[in-house]
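Here are my notes on the model you sent. Please read them with the structure open.

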Amino acid sequence: AKRAREGVQVYVPDPVTGTSGSGRLRTMEELRTALDGDELRVFLQPQMDMRDGRIVGAEALVRWEHPTRGLLSPAELLPAAEQAGLLRPLTDRVLELALEAAARWWHEREMPVSVNLSAANVTDLDLAGKVAAALHRHGLPPRALTLELVEDTLMADPERGRTVLADLRASGVRTSIDDYGTGYSSLAYLRHLPADELKLDRTLTADVDRDPRAAAIVQSTVALAHALGLSLVAEGVETLATSATLARLGCDVAQGYAIARPMPVADFLDWLVASDSGLVDCALIPQLHR
Ligand code: C2E
Ligand code: MG
Ligand code: MG
Ligand code: MG
């Protein structure tokens, strides 16, 4: 869009298309086609137990293999999905792909796959039913799935958020509070939140080995999480130094580039096998013993 402000032409590109107007409409149409067809993918990123280096989970992250523009990231595609009112069908598709992947490893290792929910899912009264049906289709028990909700989404409608989490959790699905530490939720709110895990945002984890104040926050969040019976996952772990500090501060699980980047499903399955045989180039493992 071109906006005239103070006589200056300001070009404001659309986040998805880099264009505006008809470009945006075209993207929404294309997204509808992509959802019906075979253009959405999930990439999987492993999560590692910081005590023993075991891989204990994987997060499914959506990608759009666009026919002409290549692989698009969530930052590019989620705003378009939201504008087009397609966040619910997007979650359905991601859930399907994530569970399809989990079904391929579940009989060998009972490791859950994590799927991100959006605000549109929290208002979906049928969410728990849809999730149960999807698990059933893939022959998976509820504990094969972790559903992540960001703190701010929960805070937008705390009552509803709590109910959704409670329903899912009652069905046996694991629940996770994502990007914890960036939003505005009060500590007291955690008291009533039916969750299994807290994912500490990477803005906090990234600085732990340089900033004593970040370390203090991480340490007290770990204590709080454990006192409430929650497992603590550190996200965005990029370096050995960070990971060593996070392990020392008591974080349970790490996820980040220091372990592996998100990968296509087939690559992830190979990576899992290689990591079992100690063949993965991951410098983290030997230093994990606290
Ligand atoms: P998130 O759920 O917090 O996912 C973690 C993001 O951090 C991913 O970005 C991942 O690629 C990135 N990441 C992982 N390790 C590192 C690291 O060591 N350093 C850095 N700098 N980044 C790291 P991605 O895939 O671009 O996803 C961004 C966000 O988009 C996600 O943040 C999540 O909020 C949202 N998202 C992704 N997939 C879905 C989806 O299927 N549905 C919904 N509703 N949201 C999704
Ligand atoms: Mg997440
Ligand atoms: Mg996160
Ligand atoms: Mg995040």
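Is D179 buried, partly exposed or exposed? D179 is partly exposed, at 24% relative accessibility. Buried means under 20% relative accessible area, exposed over 50%, and partly exposed in between (1.4 Å probe, protein chains only).

1. Ground rules. This is a predicted model: local features need pLDDT of at least 70, side-chain atom pairs count only at pLDDT 80 or more, and totals for chains, interfaces and linings use all residues. Residues are numbered from 1 along each chain as its sequence is written, chains are lettered from A and ligands numbered from 1 in the order in which they are written, and side-chain values use heavy atoms, with hydrogens and water left out.

2. Magnesium ion (ligand 2). Its coordinating residues are E59 (OE), N116 (OD1), E148 (OE) and D178 (OD), at 2.0 to 2.2 Å. Donors are N, O and S atoms within 2.8 Å of the metal (3.2 Å for Na, K and Ca); water is not among the atoms, so sites may look incomplete. Along the sequence the donor residues read E-x56-N-x31-E-x29-D. E148 sits in strand β7 (residues 145–150) and D178 in strand β8 (residues 174–180), so this pair ties together parts that are 30 residues apart in sequence. Strands (E, at least two residues) and helices (H or I, at least four) are DSSP runs, numbered from the N terminus. E148 is buried, at 1% relative accessible area. D178 is also buried, at 6%.

3. Magnesium ion (ligand 3). D179 is in strand β8 and E235 in strand β10 (residues 231–235), so the pair ties together parts that are 56 residues apart in sequence. E235 is buried, with a relative accessible area of 10%.

4. Which residue bridges the magnesium ion (ligand 2) and the magnesium ion (ligand 3)? D178 does, and the two ions lie 3.7 Å apart.

5. Helix packing. Helix α5 (residues 127–137) and helix α7 (residues 158–170) have axes that come within 9 Å and cross at roughly 30°. Axes are lines fitted to C-alpha atoms, for helices over the stretch in contact; angles run from 0 to 180 degrees between N-to-C directions. In α5, L127, A128 and V131 meet V164, D167 and L168 of α7; contact means heavy atoms within 4.5 Å.
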